[in-house]
Amino acid sequence: MTGSIGSSLLVAGLYSTFVLGSGPQPHAYGQEQIPLNDFQYQEACPDYTQYSAYPHRPLSDGPLALPFQRPDPRCRTFHSDAIEQVIQDVTSRMKDPDLARLFENAFPSTTDTTVKFHTTGSQPTKKKPKRHAYDEGKWEGTHSFIITGDIIAEWLRDSTNQLSPYQPLAKKDPAVYNLILGAINTQSEYVIESPYCNAFQPPPISGLPVSHNGQDDVVHPVYEPSSVFECKYELDSLAHFLALGNDFNDHTGSKEFLTPRWYLALETLLNVLEQQSMSTFDPETGRYRRNEYTFNRNTNTGTETLSLKGVGNPLNNGTGLVRSAFRPSDDATILGFFIPANAMMAVELKRTAAILQDAGKNVLAQTVESWSQTITNGVWEHGIVRHSTFGNVFAYEVDGYGSSILMDDANYPSLLALPLMGFLSPDDKTYQNTRRMLLSKSSNPYYLTGREFQGIGGPHIGLSNAWPMSLLIQAQTSNDDEEITECLKLVLKSSKLGLIHESVDVNLIHSYTRSWFAWANGVFAETILDIAKRKPHLIFKEPATPYEI
């Protein structure tokens, strides 16, 4: 098997803690192989955080000689023949062996390394007594726990995007179907438990240990640390919960995820929208009213906590927009009406309403559709400002009082990604004005350029690092062959370890953050699949016919 070590594990001093027995200890990785039986092999699988930080053979045949970074099959966390077939179908057509190797590593990154727990729920378990009807059906059935990579926690946003490349396979492969169905069920439990939180601990049924994020945050509503890893309220997290089920329905036609628990999660989500659409001051009395969600962290990094002792800056009444305390980068918003998340929520509510209508839930569908329309109107009315150079553009954040933030961040949802989320057409005039503004150093403070790399970054890492993810979104929103090719070249150039990094220093391309970041690998895979469908001649050998899963 290509890239497989076979029945042996390459073990070295770096991984000496994984070596069983008293065999010789080589000084350099790969000098010696120590045979292990299947049980020992599983126990000896290296920590992928370390494994991904070093190159592994065989190398690709291209000038970059990219390493093969997939774990040995017995160390992978999930297997699907359909996923392996896509890898074969795509890489066999690609003309650049380095780009093919990057896809070979990136497309299965989530299933290879991040499915920390999965159960079909077919095995009977001892049921705990329910304290309340609210708990009926809790953690029953199929569940999947998808970690973000080098952090043993599940982000609602990350896990939805990590699974996105596999959604087209759910109808073909029962294993993928159950994996994604389980992820929807797990996210439902998380939303019911703590709808204001963004990252979660392993399910209690998994038997996996919980971990602490090292912070002592003061948050309202309070949360249970054994269930929650971090509790930053990000509107897009809830939109991603809806997106996971919407995409599943689109590709399979299945409504199996519409369980009583999912409906309870939806009800919980709608309550959050109600609470977070309220203005800072009562419109009738003018008196200050404290928001339902507050977050205070003891930190010297301003983007890690909310201003005004955890409340955030004031927001006006009657905008139709919904507050988001934090951005998808996990950085605090400056002005709480975060436009990309509002746009995404509007789209996903509309898609959800259509599913509910088809399921015969007409009253609920009308409620959800109404929310979608209200938010959509709010984005178009309050989210557009006049730029002296570019004309009408979308603002990144607004407050309803007339203040706005003009910028973009690499993390999704972003202004650059508005067409990808289905909010508008890519040829929309206001979007095209916005796109030009965002991809200019003179008008987007977080568009970073340097000697070796360029792209959109953000405050999360700093002012020297751009994110490859932004270039991938740029490629997906472009119809220009030269622009798409240049984006791919930069991403490929920055991926010397055969995986997509979180961010890259624009002046020193070998300096990066996170060797194991499954979400970014998933975005790369989706970009390649998008180009394979829209512009196959850019990446495929002749005859370059379009490819679609």
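**A helix and its aromatic neighbours**

Reply: Tyr177, Phe241, Phe248, Phe257, Trp262 and Tyr263 form one aromatic cluster; rings of Phe, Tyr and Trp (its six-membered ring) pair if their centres lie within 6.5 Å. This is a predicted model, where local features need pLDDT of at least 70 and side-chain atom pairs count only at pLDDT 80 or more, while totals for chains, interfaces and linings use all residues. Residues are numbered from 1 along each chain as its sequence is written, and side-chain values use heavy atoms, leaving out hydrogens and water.

Now let's look at helix α8, residues 235–252 (helices are DSSP runs of H or I with at least four residues, numbered from the N terminus). Its 18 residues reach 26 Å from first C-alpha to last, close to the 26 Å expected at 1.5 Å a residue (the expected span is 1.5 Å times one less than the number of residues). Of the 18 residues of α8, 16 are buried, so α8 is largely enclosed by the rest of the structure; buried means under 20% relative accessible area, with a 1.4 Å probe and protein chains only. After α8 comes Gly253, with a positive phi near 75°.

Which residues of α6 meet α8? They are Leu156, Arg157, Thr160, Asn161 and Leu163, and on the α8 side are Asp236, Ser237, His240, Phe241, Ala243 and Leu244 (contact means heavy atoms within 4.5 Å).

Technical notes
Axes are lines fitted to C-alpha atoms, for helices over the stretch in contact, and angles run from 0 to 180 degrees between N-to-C directions. Helices (H or I, at least four residues) and strands (E, at least two) are DSSP runs, numbered from the N terminus. Buried means under 20% relative accessible area, exposed over 50%, partly exposed in between (1.4 Å probe, protein chains only). Rings of Phe, Tyr and Trp (its six-membered ring) pair if their centres lie within 6.5 Å; planes under 30 degrees apart count as stacked, over 60 as edge-to-face and the rest as tilted.
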